[in-house]
Amino acid sequence: MLSKRIIPCLDVRAGMLTKGIKFKGNVDIGDPVAAAEQYYEQGADEIVFYDITASAEARDIMIDVVRRVAERIFIPFSVGGGIRTVNDMRRVILAGAEKVSVNSAAVENPPLISDGARAFGSQCIVLGMDVKKVAPTAQIPSGYEIVIQGGRKHMGIDALWWAQEAERLGAGEICLNSIDADGTQEGYEITLTSLISASVHIPVIASGGAGRPEHLAEVLTAGQADAALIASMVHYRTYTLAEIKDQLRDRGIKVRNLW
Amino acid sequence: MIGIVDYRAGNLTSVARALHYLGEECRITDDPELLSRCSHIIFPGVGAAGEAMANLRLSKLDERIRQWIAEGKPTLGICLGTQVIFDYSEENDTACLGIVPGRVKRFPADLAEGGRRLKIPHMGWNRVALAREHAVFREIPEEAEFYFVHSYYPAPAEEKWIIGRTDYGQPFCSAVARENLVALQFHPEKSGRPGLKILANFCRWGGTDAE
């Protein structure tokens with residue numbers, strides 16, 4: 001039986017973590033490579049890097065981060081943020097990332113998904129979706145709309161339609177982020193997650209809202225998610241990965257044992 | 001020296017990085033002469049069977065791989081590298097190398113577990129239940145999990161070549177061994193500590209099944 005994946009997400013700007021991550025002994029780590037290595041050793045099943053760098057020259061710094069991470073951690077990791085072309089994908093994959101994640105660039109240019117899948121295989125292409133709850137309309141029948149720019153720009157696209165379209169185009173996985181739940185630490189958007197997960201044949205990673213282990217338990221069962229993205233709850237040492245996995249195991253959810 | 005066969009099937013550097021981390025010397029190459037001089041061969045791969053076989057035929061590496069395996073060189077197949085070792089793959093209706101009799105099948109679309117439809121590809125961490133002991137799996141605990149990402153799985157013609165099975169809606173063959181060949185459906189290079197242990201075991205393996 002497949003284990004549910006627990007995936008820490010690291011935000012990187014110009015080669016540094018945007019928020020320091022505290023580990024045992026209160027060591028503050030600003031180096032994404034060291035942080036990734038710590039999570040790897042603690043039992044992360046995968047790691048997501050999100051590059052929030054704006055300038056082109058700083059992108060080369062991210063490639064260097066990817067290269068150094070790939071030398072030291074031997075689990076899959078993905079890189080998202082600022083990937084707009086197949087060539088951007090190629091650089092990240094050749095540097096050692098298992099997967100690349102595309103979000104707004106795919107909304108604006110859907111063939112980016114199919115071109116990426118053709119070049120590297122579907123298993124490499126993760127579609128990141130930022131979703132906001134809206135009143136259902138003829139255009140947005142599910143009541144969930146695709147937004148970009150951190151939720152500031154509404155795209156007039158139904159999230160359910162986009163998830164299925166992305167699968168048809170060749171996305172291998174969906175990372176589904178609820179803008180409404182993001183940052184609240186009050187739990188994932190369960191209705192949205194189960195709606196999307198039940199409507200596609202590819203794995204769905206739930207994102208946004210994780211604050212306590214029971215939130216993960218809920219999204220991995222009722223939410224039908226295949227994996228759960230976490231950030232603050234581990235970055236600030238509120239929980240360790242082992243504690244989260246123990247609690248999930250106690251609730252009958254299969255997670256990977258660290259050996 | 002460990003030779004990693006480069007047949008343009010995805011990014012092969014992750015295997016090389018894992019070997020480097022283990023302190024093993026390796027080369028990623030499509031040069032048959034260089035590969036012939038290697039003590040061990042790793043045959044990895046990510047992508048589709050049809051294109052992989054076309055590349056192997058074009059580069060004539062198909063003949064050489066058959067030869068190295070026949071000569072007794074310890075050889076490790078990974079993922080797509082494992083699948084193309086069989087006679088035939090349902091993926092792109094592809095005739096494969098035919099080194100091990102058997103077929104590669106697609107997971108059925110209605111695969112389910114506990115009343116819930118399962119996603120395809122099978123992507124993530126899962127166990128491998130060993131059917132018997134093998135040097136390449138030495139000191140791997142039963143509860144270890146490995147990283148999989150695939151929609152097709154091998155079905156060897158002979159039960160005795162199956163050394164590991166994994167459960168995903170149905171049991172499927174996830175590890176194959178025959179003489180000097182070991183072939184894995186999962187990615188040891190992306191499977192954390194147990195995966196690295198398998199690679200280390202392989203690099204130290206002399207290539208006889210009884211070891």
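A: Start with strand β5 (residues 86-89) of chain B, which is joined to β6(B) by two bridges, the two strands running antiparallel. Across this pairing, Tyr88(B) faces Ala95(B) of β6(B). Two strands count as paired if DSSP finds at least two bridges between them. Strands are DSSP runs of E with at least two residues, helices are runs of H or I with at least four, and both are numbered from the N terminus. Strands of a sheet pair through backbone hydrogen bonds, either parallel or antiparallel.

A word on the source. This is a predicted model, where local features need pLDDT of at least 70, side-chain atom pairs count only at pLDDT 80 or more, and totals for chains, interfaces and linings use all residues. Residues are numbered from 1 along each chain as its sequence is written, while chains are lettered from A and ligands numbered from 1 in the order in which they are written.

Now the sheet around that pairing. In chain B, four strands form an open sheet in the order β6-β5-β7-β13, with mixed pairing. Its edges are β6 (94-95) and β13 (152-156) of chain B, and each of these pairs on one side only.

Chain B has another open sheet, of eight strands. Its order is β2-β1-β3-β4-β16-β15-β14-β11, again with mixed pairing. Gly3(B) has Ile41(B) as its bridge partner in β3(B). Helix α1 (residues 13-21) of chain B lies across β1, β2, β3 and β4 (75-78) of chain B, and runs at about 170° to β2(B). Such angles go from 0 to 180 degrees between N-to-C directions, with axes fitted to C-alpha atoms, for helices over the stretch in contact.

Next, where the chains meet. The contact takes 25 residues from chain A and 33 residues from chain B. Contact means that the C-beta atoms of two residues, placed from the backbone, lie within 7 Å. On the side of chain A that touches chain B, α2 (56-72) and α3 of chain A each supply at least two residues. That side of chain A has 11 nonpolar, seven polar and seven charged residues. Nonpolar covers Ala, Val, Leu, Ile, Met, Phe, Trp, Tyr, Cys and Pro; charged covers Asp, Glu, Lys and Arg; the others, Gly among them, are polar.

Cross over to chain A as a whole. Its secondary structure comes to 10 helices and 13 strands. The radius of gyration of chain A is 17 Å, close to the 18 Å that the globule rule gives for 259 residues, so chain A is as compact as a globular protein of that length. That radius is taken over C-alpha atoms, and the rule is 2.2 Å times the number of residues to the power 0.38. Of the 259 residues in chain A, 51% are buried. A residue is buried if 20 or more other C-beta atoms, placed from the backbone, lie within 10 Å of its own, exposed if 12 or fewer, and partly exposed in between.

Strand β5 (residues 47-51) of chain A is mostly covered, with five of its five residues buried. Ile47(A), Phe49(A) and Asp51(A) point one way, and Val48(A) and Tyr50(A) the other. Four bridges link β5(A) in parallel to β1 (residues 5-13) of chain A. Phe49(A) is the bridge partner of Leu10(A), and Val79(A) is the bridge partner of Phe49(A) in β6(A).

In α5 (residues 111-120) of chain A, Leu112(A), Ile113(A), Gly116(A) and Phe120(A) are buried. Their arc, taken from the directions from the helix axis to the C-beta atoms, is within 100°, so they line one face of α5(A). They pack against elements of chain A including α3 (86-94), β8 (125-133) and α6 (159-169). After α5(A) comes Gly121(A), with a positive phi near 95°.

In α6(A), the buried residues are Ala159(A), Trp162(A), Ala163(A) and Ala166(A). They cover an arc of only 100° around the axis, which puts them on the same side of α6(A). Among their packing partners in chain A are α5 and α7 (190-199). Just after α6(A), Gly170(A) has a positive phi of about 115°.
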